[in-house]
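Subject: Structure handover

Hello,

Here is the structure I promised to pass on. Please open it alongside this email.

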Amino acid sequence: MEAAERRCAVAGERWTPSRRRTYELLLQAGSPVKAYDLISSYAHDGEPVAKPPTIYRALEFLTAQGLVHRIESMNAFLACGSNPHGRSTEFLICDCCGRVEELGVGMDGAAFPAASARGFRPSRMVMEVHGACVDCSSGQPN
């Protein structure tokens with residue numbers, strides 16, 4: 001949490017209570033969370049439940065700062081794990097149990113130069129690999 005706050009300060013951005021609470025909920029979840037699930041978990045210490053625009057603005061900010069990833073195929077958000085400064089993110093998504101693992105291999109080393117060679121100016125890349133995790137593919141319970 002402190003590292004995220006410092007990162008925002010260095011970028012000249014404000015670390016507001018709604019951004020902090022949204023990020024805190026994603027860290028606590030440890031797995032992808034849909035925006036509307038965050039709304040229901042938002043109330044804390046007598047504070048009112050957040051309205052959808054508050055959550056969506058916080059998620060947009062956290063994503064832009066590289067603190068949160070949006071997993072497009074699940075329409076869910078995940079606190080950044082292994083690659084907070086990279087321009088690429090890779091996920092392994094189990095279609096059986098829903099487990100999501102951030103791969104963190106830095107695919108931008110190959111994809112960005114290839115895109116640039118074609119005159120394309122990439123800004124970010126998200127790769128989602130769907131399949132079965134080791135537990136599901138071996139028939140073991142999760």
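**Overall picture**

Keep in mind that this is a predicted model. The chain has 142 residues, and 33% of them are buried. The secondary structure comes to 6 helices and 5 strands. Along the principal axes, the C-alpha atoms fill a box of roughly 50 × 45 × 25 Å.

I also looked at contacts between residues at least 6 apart in sequence. Of these, 48% join residues at least 24 apart. The accessible surface is about 8,500 Å². Carbon and sulfur atoms account for 52% of that surface.

**Salt bridges**

How many salt bridges does a search of the whole structure find? The count is 4.

Start with arginine 20 and glutamate 5. Their side chains meet in a salt bridge, at 3.6 Å from N to O. Arginine 20 sits in helix α2 (residues 17–29), while glutamate 5 sits in helix α1 (residues 2–10). The two are 15 residues apart, and the pair links distant parts of the chain. Arginine 20 is partly exposed, at 36% relative accessible area. Glutamate 5 is also partly exposed, at 37%.

Next come arginine 99 and aspartate 135. This salt bridge has an N to O distance of 2.7 Å. Arginine 99 lies in the loop between β3 (88–94) and β4, and aspartate 135 lies in helix α6 (residues 134–137), so the pair ties together parts that are 36 residues apart in sequence. Arginine 99 is partly exposed at 34% relative accessibility. Aspartate 135 is partly exposed too, at 21%.

Then there is arginine 70 with glutamate 72. Their closest N and O atoms are 2.6 Å apart. Arginine 70 is partly exposed, with 28% relative accessibility. Glutamate 72 is partly exposed as well, with 40%.

As background, side chains of opposite charge can pair when their charged atoms come close.

**Cysteines**

The search of the whole structure finds 0. Cysteine 8 is buried, with a relative accessible area of 0%.

Cysteine 96 is in no disulfide either. The nearest cysteine sulfur, in cysteine 94, is 4.4 Å away. Is cysteine 96 buried or exposed? Cysteine 96 is exposed, at 58% relative accessible area.

**Histidine 69**

Histidine 69 is in strand β1. The residue counts as buried, because its relative accessibility is 9% and the buried class covers values under 20%. Which side chains does histidine 69 touch through polar contacts? One is threonine 89, at 3.4 Å. Another is glutamate 102, at 3.2 Å.

**Asparagine 75**

Look at the loop between β1 (68–71) and β2 (76–79). Asparagine 75 is found there. Its phi is positive, at about 50°, although the residue is not a glycine. Most residues other than glycine have a negative phi. Asparagine 75 is partly exposed, with a relative accessibility of 43%.

**A nonpolar surface patch**

Which residues form a nonpolar patch on the surface? They are Leu92, Leu103, Val105 and Val129. Together they have about 280 Å² of accessible area. Leucine 103 lies in the loop between β4 (100–102) and α5 (108–117). At 35% relative accessibility, leucine 103 is partly exposed.

**To recap**

The chain has 6 helices and 5 strands. The search gives 4 salt bridges and 0 disulfides. Histidine 69 is buried, whereas cysteine 96 is exposed.

Best wishes

Conventions. Residues numbered from 1 in each chain as written. Predicted model: local features only at pLDDT ≥ 70, side-chain atom pairs only at ≥ 80, totals over all residues. Heavy atoms only, no water. Helix = DSSP H or I, 4+ residues; strand = E, 2+ residues; numbered from the N terminus. Buried < 20%, exposed > 50% of the residue type's maximum accessible area, 1.4 Å probe, protein only. Disulfide = S-S within 2.5 Å. Patch = residues over 30% accessible without salt bridge, like charges linked within 9 Å, V, L, I, M, F, W, Y side chains within 5 Å. Areas by Shrake-Rupley, 256 points an atom, 1.4 Å probe, with all protein chains shown as cover. Contact = heavy atoms within 4.5 Å. Polar contact = N/O pair within 3.5 Å; in protein donor to acceptor, adjacent residues only side chain to side chain.
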